[in-house]
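Have the sequence and the 3D view ready, and look up each residue as we get to it.

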Amino acid sequence: MKRGWQNWFQEKRFAARWQQAKAAAQSTPMAGYYDALLPTDNLLEDTPLIALDFESDGLKEDAQLLEAGWVAVDGGAVKLGSARRLRIRAGNKLQGSAVVIHRITDDAAAEGQSERDVLETLLADLKGSAILAHAAIIEQAFLNAACLRCFGAPFVGRFICTMQLEDRWFPKERTADGFRLGKLRAQYGLPYYRAHDGLTDAMACAELFLAQCARLRTENLMMEDVLMRG
């Protein structure tokens with residue numbers, strides 16, 4: 001019962017934010033995205049999901065986005081034919097410390113598409129879907145900041161966080177890096193993927209999510225059971 005009240009209040013708060021964002025997005029390329037509010041009482045197996053990952057020049061909310069990778073998850077399977085990786089053109093010289101991590105050089109970043117064009121492509125695929133990410137609060141902040149930059153309207157969406165689900169469903173003592181995507185995948189017997197590539201990380205997150213759901217062994221999971229809290 002307590003969880004039900006928490007869900008009710010969270011949904012009321014989300015609906016208010018959605019309506020405010022929808023009003024701000026009128027007459028912008030974001031308007032179509034806000035035409036489809038995904039309900040939370042859907043069965044998870046019937047809900048379209050998009051696993052998403054950004055590569056950026058740093059972790060601050062206003063960092064330059066350099067790459068977006070995403071792939072659809074539908075019917076309990078990763079849909080490889082939907083996979084997209086789009087490079088985003090950088091407006092400023094990249095930080096050397098970040099280049100070591102994401103391996104996107106200044107020359108490579110200069111050849112990308114505009115952030116606005118990439119966002120328009122991404123928003124079309126996100127319409128009517130929940131967004132799946134590891135440490136999803138980061139993707140949430142990046143996407144919101146980018147939409148404000150490009151369209152003057154905030155981004156509000158349904159997010160599922162595999163890191164949060166791991167802690168919620170399978171709590172235990174962990175090392176300081178115990179929630180890293182690669183480390184969690186290894187615990188599920190999933191193969192090693194080289195990190196810090198937008199599409200590869202999105203696919204890695206999608207596979208981890210399916211493994212988590214399988215380990216939970218709960219039938220008829222609802223959307224509200226997996227949504228990011230807080």
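With which side chain does the side chain of Asp197 make a polar contact? The partner is the side chain of Arg85, at 3.0 Å. A polar contact here is a pair of N or O atoms within 3.5 Å; within protein, one must be able to donate a hydrogen and the other to accept it, and residues adjacent in sequence count only if both atoms are side-chain atoms.

## Before we go on

This is a predicted model, where local features need pLDDT of at least 70 and side-chain atom pairs count only at pLDDT 80 or more, while totals for chains, interfaces and linings use all residues. Residues are numbered from 1 along each chain as its sequence is written, and side-chain values use heavy atoms, with hydrogens and water left out.

## Around Asp197

Asp197 sits in the loop between helix H7 (181-187) and helix H8 (198-216). Helices (H or I, at least four residues) and strands (E, at least two) are DSSP runs, numbered from the N terminus. With a relative accessibility of 17%, Asp197 counts as buried. Buried means under 20% relative accessible area, exposed means over 50%, and partly exposed is in between (1.4 Å probe, protein chains only).

A polar atom of the Asp197 side chain also lies 2.9 Å from the backbone nitrogen of Thr200. If you leave aside neighbours within four places in sequence, Asp197 is in contact with Asp53, Glu55, Glu67 and Arg85. Contact means heavy atoms within 4.5 Å.

Glu67 turns up again with Arg87: their side chains are joined by a polar contact of 3.2 Å. Arg87 belongs to strand S3 and is partly exposed, at 28% relative accessible area.

Now find strand S2 (residues 65-74). Nine of its ten residues are buried. S2 pairs with strand S1 (residues 49-56) in the antiparallel sense, over eight bridges, and seven bridges join S2 to strand S3 (residues 77-87), again antiparallel. Two strands pair if DSSP finds at least two bridges between them.

Not counting residues up to four places away in sequence, Ala206 touches Ala51, Val71, Val73, Val78 and Leu132.

## Rings that meet

How many aromatic pairs does the structure hold? There are nine. Rings of Phe, Tyr and Trp (its six-membered ring) pair if their centres lie within 6.5 Å; planes under 30 degrees apart count as stacked, over 60 as edge-to-face and the rest as tilted. Tyr33 and Tyr34 make an edge-to-face pair, 4.9 Å centre to centre with 75° between the planes, and both are buried. The planes of Trp169 and Phe170 are at 80°, with ring centres 6.3 Å apart, so this pair is edge-to-face as well.

Ring pairs also link Phe14, Trp18, Tyr33, Tyr34, Phe155 and Phe159 into a cluster. Arg215 lies over the face of Phe170, at 5.9 Å from the ring centre, and over the face of Tyr188, at 3.9 Å. A charge sits over a ring if NZ of Lys or CZ of Arg is within 6 Å of the ring centre and within 35 degrees of the ring normal.

## One face of helix H6

Trp169 is buried, with a relative accessible area of 16%. In helix H6 (residues 162-169), the residues Thr162, Leu165, Glu166 and Trp169 are buried. Why do they line one face of the helix? Seen down the axis of H6, the buried residues fall within an arc of 105°, so they line one face. The arc is that of the directions from the helix axis to the C-beta atoms. These buried residues pack against strand S4 (130-133), strand S5 (159-161), H7, H8 and helix H9 (223-226).
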